[in-house]
Amino acid sequence: MKKYTHAWLAMMAMKRIEKARIPARQQDDAKALITWFKNYRDFVLSGAWYPDAVFKDMTPSHIVKYEPDASSTAVPNFRIMPPTLQMYQLGLESDMYGKPFKLDKRHNLCDRCESFTESLIDSFKILTMENEGSPIVPSNNHIAMRFFILSHYIADGHMPLHCDARSFYNDNEVHGFIEDLWDQEVRRSYFIDEDNERFFYDPEGYPLKQEEFSELMQYIEDELVNREFVWSWGSGCNNTWDYMSGISQYSYLMAYRLIPADKTPREITKAYYMSTEAFREHFFEYSKVILGDAVESIAKIWLHAWVRYRDWFRGTELAYFKAQKDKAEKNLIDAEKVIDTYSEEKAKLDARLEKAAKSLEAKQADYDKGLAKGLKMEKRTEELAKARARYAEAQENLSNLDKAYQEADASLENLKALLLAAQIQVDRKAAEIKRYEDSNSGI
Ligand SMILES: [Zn+2]
């Protein structure tokens, strides 16, 4: 796909997250994502085009190539996708559905999408944990840029010719021709600020429509609002990788609708393609399916990544509040223990003090006696010093106990109030998180 198509698909995905009826469990998060996104949308054009302009990792990362395998009898594992995907629905009706295929293992579009998704979540976690100004903290601009880069790879997976081992590049120009048609539709339907490499925006912050608005663009604009937003990845799909792997399978089946295999790729020139029924009768319909599903998938993968980050954030917050509560509880228990055992401890320390006093008295007497008789004083001096130290220590222990008792007694009510406040905070957070629990979310 071309530059403006990529940027437009990313903007439409953002619009879908805002305008579609998002399942209740993800509604708050979707709102928060849009609020965040709108601050960084200006990078959409450069971000969504970065893979083609800078990374240039077309082979292996913008493609997953399939071809029919007539020699195999193996039953291929076609994935079960969310029913709202139109390319999936068309794929189920395809003659090639369920037939063996060969998959070129050198290509890694699905891995690219998966790793970008994970790195987005990681970046948000780092952004949360690091102090402001930390040299390793990623900026929001940088993360937004990576959202748009990710959208490029997702969109490419929906371009059927990126998933078809037949090559329609160069000699026959059909690949570029199809992508040009879509790009022209975008360019003639929206106002583009070419100097600043961004769209002009409407009051809601989305690409501003030209008066002469294309029918295809209108279809997608309507579809992104009206299509049911299915949260699940599809049965047996658990993550971006599984989902994109399914997308690439149905994209491959779609390629044989878009360009039937009645001639070899070399024979299918642009002129010939334009004369085919597939182009004349169905190109508009197929474009709706491909672009509509691309918007759907970008929105889905973005929101899943964001919700996973937000779930982690909520969990981290709850763990922090629980630790605060545990600390408050321990402080209260310690204070209560000081109060409860005070009499018992005091009796013990009183006895020790009394014993130390007696010992000191005895040592003092021994010392005085030695001094009077002119005996050797070295040992007596040492023992007297030890007895004094023991006495001082016993006195100090007793006074510490008294101090601890008075403090505990004075702060007991305060500690109880602190524990109650910490408990309320934990309960409130836990109740808030409960709203986000959804066994059917399929994250
Ligand atoms: Zn690409």
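# Chatting through the model

Reader: Leaving aside neighbours within four places in sequence, which residues is I136 in contact with?
Author: Heads-up: this is a predicted model, and its residues are numbered from 1 along each chain as the sequence is written. Local features need pLDDT of at least 70, side-chain atom pairs count only at pLDDT 80 or more, and totals for chains, interfaces and linings use all residues; side-chain values use heavy atoms, without hydrogens or water. Contact here means heavy atoms within 4.5 Å. Once neighbours within four places are set aside, I136 is in contact with I126 and E130.

Reader: Is I136 buried or exposed?
Author: I136 sits in the loop between α6 (109-129) and α7; helices (H or I, at least four residues) and strands (E, at least two) are DSSP runs, numbered from the N terminus. Buried means under 20% relative accessible area, exposed over 50%, and partly exposed in between (1.4 Å probe, protein chains only). With a relative accessible area of 58%, I136 is exposed.

Reader: And what separates the C-alpha atoms of I136 and I22?
Author: Along the chain, I136 and I22 are 114 residues apart.

Reader: Now the metal: which residues coordinate the zinc ion?
Author: Donors are N, O and S atoms within 2.8 Å of the metal (3.2 Å for Na, K and Ca), and sites may look incomplete because water is not among the atoms. Along the chain, the zinc donors follow the spacing D-x9-H-x89-H-x3-D. At 2.0 to 2.7 Å, the ion is held through OD, ND1, NE2 and OD atoms, in that order, of D52, H62, H152 and D156.

Reader: What do we call the arrangement of the four donor atoms?
Author: Four donors are tetrahedral if all angles lie between 85 and 135 degrees; four are square planar and six octahedral if opposite donors are over 155 degrees apart and all others between 65 and 115, and anything else is irregular. The angles at this zinc ion run from 80 to 164°, which makes the arrangement irregular.

Reader: How many residues apart in sequence are the parts that H62 and H152 tie together?
Author: Both histidines are buried. H62 is in the loop between α4 (58-61) and β1 (66-68), while H152 is in helix α7 (residues 140-158), so the pair links parts whose separation in sequence is 90 residues.

Reader: What does W8 touch, not counting residues up to four places away?
Author: W8 is one of the residues with the most contacts inside the largest core. Its partners are V186, Y190, F199, M217, I220 and L291.

Reader: What is the phi of E197?
Author: E197 lies in the loop between β3 (192-193) and β4 (198-199). At 30% relative accessibility, E197 is partly exposed. Although E197 is not a glycine, its phi is positive, at about 50°.

Technical notes. Core = buried A, V, L, I, M, F, W, Y, C linked by side-chain atoms within 4.5 Å.
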